[in-house]
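Student: Could you walk me through this structure, one feature at a time?

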Amino acid sequence: MFGFRHIVLTQFRNYLYQSFSFTERIVGISGENGSGKTNLLDAVYYLCFTRSYFSRTDAQNVHHGQQGMRLEAQLLKNDEAGKLVCIVRENNKKEFYANDEEYKKFSDHIGLYPAVMIAPDDTELITGGSEDRRKMIDTLLSQIYPGYLQQLIAYNKILQQRNSLLKAAAEHKRLDTSLLEILDMQLCERGDVIYQWRKTFAAEFIPLVQQQYISIAGKDDQVQLTYDSQLHNASMAELLQQNRQRDMYLARTGAGIHKDDIDMHMNGLVFKNIASQGQRKSLLFALKLSEFLTLKQQKGFTPVLLLDDVFEKLDAGRMHNLLHRVCVEEQGQVFITDTHNERLEKAFIDLAVPYQLVQL
Amino acid sequence: MQLPSSLLESAVNEFSKLPGIGKKTALRLVLHLLKQEVGEVQQFGDIITRMRRDIQFCQRCFNISDAKICSICANRLRNQRQICVVENIRDVIALETTQQFSGTYHVLGGIISPLDGIGPDQLNIESLVHRIGEEQTEELIFALNPNIQGDTTIYYIQKKIKHLPCKVTTIARGIAFGGELEYADELTLGRSLANRLPVDSYISNR
Ligand SMILES: Nc1ncnc2c1ncn2[C@@H]1O[C@H](COP(=O)(O)OP(=O)(O)O)[C@@H](O)[C@H]1O
Ligand SMILES: [Mg+2]
Ligand SMILES: [Zn+2]
């Protein structure tokens, strides 16, 4: 069992200083709009991932008008007590500690405390660009494969260097081909291994999502997912070679694993173009549930599940089904937010699980 | 900060331009100088001025120097056929402190990073390649920070001297990948210099 017991938020978003104790496995959080429900979930997410699910910079996380912030949690993992602390200093320098030991690299933390967030804007995963889907896959793979995140960070750094070189070359009308070849070699080294990881992963993940979709939607809508990558047909080195002229002309790198996507189709047509609202939601939950199940299977224990405003998204029947699956059939910690305290309470009573309500 | 004298204020402003020095610390330093004899402060100022004015960069290795050629290059007891490539002068000082190295240095003046606008042309790379050919260097030892740009720089230089019969090694990575040379303790730094590796093998072993 892995779960949070106590959390202290200092100058984090709307919280100046507040602490919460979680005594049950199922935690309902209720409060009006703007009361800080999402922020509380994000604090938990932050401690699992060393960063927010939503905001890009730490400056956005610090309570307006204050300098620095701190998140601290007591938790339980495999029957052992643990402690996580994150401090963002006045100068926005970040420190992260697990059991009082400071991390040299934040990437070492990823995967030790797995969590899955489901938030209202996640429909972007279905309707948005490929970047959102890559982000989801990368977050998941970073937790599963040690080293994945480091390779990905390295790949992105080298990619930036390569693009800068191409830009400078276009400006000065002179390219240092030796340097480009070195960067290509460094990029390929990472690109090829990342592709292998993603390919191995997709072969298991995609059937799981399709199966989850059927169970959530209650019927088979012929939803077809495929892992799309330029590396299916050529190695990273071949791609860079083939695209060199074009890359030089456009001053950016047009091929590589940074273009990967998960294509979504239904009955042979592009999913987002023809799917109904209900079908989109079903696919979103299928993706998230598969993420949850994959983590559980890989880690050998259940990840923390953070459900933000899901009541607004699903009808009562589907909602009950979903909650039954994640609260009753699974034994992990679940946080659920809602504006209506009574609706939350009623849902938990229907499920007949021990629960705790936090009212903001 | 309200100061009663504009002389004081401009002195404080100058001190606070130094790295790691804020206004408060600057004031403390200036007030300390005020307590000294005029002659002493004069000497302090003169030494700083002379340091900046008279210091040169070694024409051979780009280390700081009092003459055209630095004391390390000029020392005939040191192995002139061995060149340790470093990013900056601070690294020379760190490596010299270990007393483990008796060859010569070459200060690149930075590291290849197109993102920061630094290409090979901005660094002392051409002079290095020239030097290796001229001096019949037997071994080139890279002591660069273990990160991606460090690797890029190593590969690039290695490629430029492929035609020369010079052995290329790099300091062993006792220092964590992503760490900073400057902050490594003397012992680690000394040991990793002693256990340097051929560049080919550390790439595949990582
Ligand atoms: N950095 C910050 N400093 C202060 N308040 C913030 C900060 N970031 C967000 N907030 C406030 O937090 C509130 C939103 O909290 P949120 O968790 O999204 O509420 P809920 O999910 O309950 O609707 C808003 O009132 C917003 O102004
Ligand atoms: Mg909210
Ligand atoms: Zn010299």
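**Reading the model**

Tutor: Chain B averages a pLDDT of 89, and 86% of the residues score at least 70; pLDDT is the predictor's confidence in each residue, from 0 to 100. This is a predicted model, in which local features need pLDDT of at least 70, side-chain atom pairs count only at pLDDT 80 or more, and totals for chains, interfaces and linings use all residues. Residues are numbered from 1 along each chain as its sequence is written, while chains are lettered from A and ligands numbered from 1 in the order in which they are written.

Student: Which elements of chain B have the lowest and the highest mean pLDDT?

Tutor: Where pLDDT is low, the predicted coordinates should not be read in detail. In chain B, the lowest mean is 53, for helix 9 (residues 199–205), and the highest is 98, for strand 4 (residues 104–107). Helices (H or I, at least four residues) and strands (E, at least two) are DSSP runs, numbered from the N terminus. For the complex, the predictor gives an ipTM of 0.78 and a pTM of 0.84.

Student: In what order do the five strands of the open sheet in chain A lie?

Tutor: Strands of a sheet pair through backbone hydrogen bonds, either parallel or antiparallel. In chain A the order is 8-12-13-3-14, with parallel pairing; two strands pair if DSSP finds at least two bridges between them. Strand 8 (115–118) and strand 14 (355–359) of chain A are at the edges with a single partner strand each, so one side of each has no neighbour in the sheet. Five bridges join strand 3 (residues 26–30) of chain A to strand 14 of chain A, with A:Ile26 partnering A:Tyr355.
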